Amino acid sequence: MEVDVRAAAGRAAVALAVLALAGCGQTVAAQPVRTAEVRTDATCLDADVLDALGLTLDRSLSADAPDVTATRGLPPGDFVAEAALVCDRGETLRDSSGRWWAVTATRLEGDLDPVVDLVTRTPAPGVCEPGVVPQVWLVDAWGEAVLLPREAACGSEGVAAALGGLDVVHRTEHPVELVQPVTVPPLAQETTPTTP
């Protein structure tokens, strides 16, 4: 029996196209995001926060940082956010020790419901655009806090836009990494005067 090769190839191509379109229409279930650990020490000096910002805390400042890194995730169902603490790369600071890279800690207050709604109902983006992503703590009226996933504030829309609608109540620059220490010139060599 003769087979029309061109017709068979055409049918195969159509079948592959249908399968490809069917595959495109499938939705892959997002990986569940864990519930965050509730802490009482929300800080931008948390080791995981600094790592996400591309910073490392100087050894001389280790006493200012929490001993245990916070476990990130979504706020528990009964968590009521009253403020947000946003951590971002800050300005370069100088003091008697030298030049430091800093982290900016900004406390925001206002209606946090849009932020919480976006965080809890929107799957976290798979890949952020190149650049530093601000890290976000949500804080309740008692000072308890949860650290959101690293990518929560990616881009200029969504959570980042909702945070932009809040009121800035406090902003602090914390030096964290000494990048250019002050060099002390060696003392001039003492010379013994000679007598003629």
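Me: Before that, what kind of model is it, and which pLDDT cut-offs apply?
Reply: It's a predicted model, where local features need pLDDT of at least 70, side-chain atom pairs count only at pLDDT 80 or more, and totals for chains, interfaces and linings use all residues. Residues are numbered from 1 along each chain as its sequence is written, and side-chain values use heavy atoms, with hydrogens and water left out.

Me: OK, cysteines. How many disulfides does the structure hold?
Reply: One, counting a disulfide as a pair of cysteine sulfur atoms within 2.5 Å. The partners are C44 and C87, with their sulfur atoms 2.0 Å apart.

Me: Which parts of the chain does that pair link?
Reply: Distant ones: C44 is in the loop between α1 (5-25) and α2 (47-52), while C87 is in strand β1, and they are 43 residues apart. Helices (H or I, at least four residues) and strands (E, at least two) are DSSP runs here, numbered from the N terminus.

Me: Left-handed or right-handed?
Reply: The torsion about the S-S bond of C44 and C87 is about -85°, so the disulfide is left-handed.

Me: And is C44 buried or exposed? What about C87?
Reply: C44 is buried, at a relative accessible area of 2%, and C87 is buried too, at 0%. Buried means under 20% relative accessible area, exposed over 50% and partly exposed in between, with a 1.4 Å probe and protein chains only.

Me: Which other strands does β3 pair with?
Reply: One is strand β6 (residues 167-181), antiparallel over 12 bridges, with R99 opposite Q180. Another is strand β2 (residues 93-95), joined to β3 by three bridges and also antiparallel. β2 and β3 form a hairpin with two residues between them.

Me: Back to β4. How many of its residues are buried?
Reply: Five of its five. Q135, W137 and V139 point one way, and V136 and L138 point the other way. β4 also forms a hairpin with β5, with five residues between them, and G143 in the turn has a positive phi of about 90°.

Me: Now the inside. Which residues touch the most other members of the largest nonpolar core?
Reply: A84, L112, V115, V136, L138 and L163, out of 24 residues in that core. β1 (83-89), α3 (113-121), β4 (135-139) and α4 (159-164) each supply at least two residues of this core, and α3 gives the most, with four. A nonpolar core is a set of buried Ala, Val, Leu, Ile, Met, Phe, Trp, Tyr and Cys residues joined through side-chain atoms within 4.5 Å.

Me: What does V115 touch?
Reply: L138, V159, A162, L163 and L166, leaving out residues up to four places away in sequence. Contact means heavy atoms within 4.5 Å.

Me: Where do L53 and W100 belong?
Reply: They're in another core, apart from that one, with 21 residues, A105 and V176 also among them.

How values were computed
Pairing = 2+ DSSP bridges.
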